[in-house]
Amino acid sequence: MTKYKNILIESTPTEAFPTLVTMTKTPKNKKEFLGRKYITLEKAILAVDTYLAEQLINRGTKKDAENLREALAFKELFCG
């Protein structure tokens with residue numbers, strides 16, 4: 001059993017996939033990972049990291065869009 005970013009990952013090997021892992025416990029904000037299976041532990045960790053990176057990117061775009069709107073409003077107000 002391994003814990004990564006508050007997600008419990010357990011080894012669940014089968015004959016076809018001896019390195020198979022399953023995510024058995026997750027926090028509420030990562031519930032879409034609950035019960036997912038991956039071929040290796042590295043693939044499971046990569047999936048979590050990718051998900052977290054995409055969330056950071058999406059949050060950043062909202063801030064950038066808000067800043068852009070403010071800049072356009074400022075331009076219209078002072079530059080005509």
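**Reading an aromatic pair and its setting**

User: How many aromatic pairs does this predicted model hold?

Analyst: The count is one aromatic pair.

User: Which residues form the pair, and why is it edge-to-face?

Analyst: Start with the general idea. Ring planes over 60 degrees apart count as edge-to-face. Now this case. The rings belong to F33 and Y51, and their planes stand at 90°, so the pair is edge-to-face. Their centres are 5.2 Å apart.

User: Where in the chain do the two partners sit?

Analyst: F33 is in the loop between β3 (21–25) and β4 (37–38). Y51 belongs to helix α1, residues 41–79.

User: Is F33 buried or exposed? And Y51, buried or exposed?

Analyst: Buried means under 20% relative accessible area. F33 has 3% relative accessibility, so F33 counts as buried. Y51 has 17%, so Y51 is buried too.

User: What share of the protein chain is buried?

Analyst: Of its 80 residues, 18% are buried.

User: How do the elements of the protein chain run?

Analyst: Read from the N terminus, the order is β-β-β-β-α. That gives four strands and one helix.

User: Why is the chain called more spread out than a compact globule?

Analyst: The rule gives 12 Å for 80 residues. The protein chain has 20 Å, well over that value, so it is more spread out than a compact globule. Along the principal axes, the C-alpha atoms fill roughly 70 × 20 × 15 Å.

User: What do the contacts say about sequence range?

Analyst: Take contacts between residues at least 6 apart in sequence. Among these, 16% join residues at least 24 apart.

User: What about the surface and the charges?

Analyst: The accessible surface is about 6,400 Å², and carbon and sulfur atoms account for 59% of it. For charge, compare mean positions. The protein chain has 14 positive and 10 negative charges, with mean positions 5 Å apart.

User: Which backbone angle stands out at K5?

Analyst: Phi. K5 is not a glycine, and its phi is positive, near 50°. K5 lies in the loop between β1 (2–4) and β2 (7–11). Its relative accessible area is 44%, so K5 is partly exposed.

User: What is phi at N6, and is N6 buried or exposed?

Analyst: N6 has a positive phi of about 65°, and N6 is not a glycine either. N6 also lies in the loop between β1 and β2. With a relative accessible area of 53%, N6 is exposed.

Notes: Residues numbered from 1 in each chain as written. Predicted model: local features only at pLDDT ≥ 70, side-chain atom pairs only at ≥ 80, totals over all residues. Heavy atoms only, no water. Phe/Tyr/Trp six-rings, centres within 6.5 Å; stacked < 30°, edge-to-face > 60°. Helix = DSSP H or I, 4+ residues; strand = E, 2+ residues; numbered from the N terminus. Buried < 20%, exposed > 50% of the residue type's maximum accessible area, 1.4 Å probe, protein only. Rg over C-alpha atoms; globule rule 2.2 N^0.38 Å. Contact = heavy atoms within 4.5 Å. Areas by Shrake-Rupley, 256 points an atom, 1.4 Å probe, with all protein chains shown as cover. Lys, Arg positive; Asp, Glu negative; His and termini not counted. Charge placed at Lys NZ, Arg CZ, Asp CG, Glu CD.
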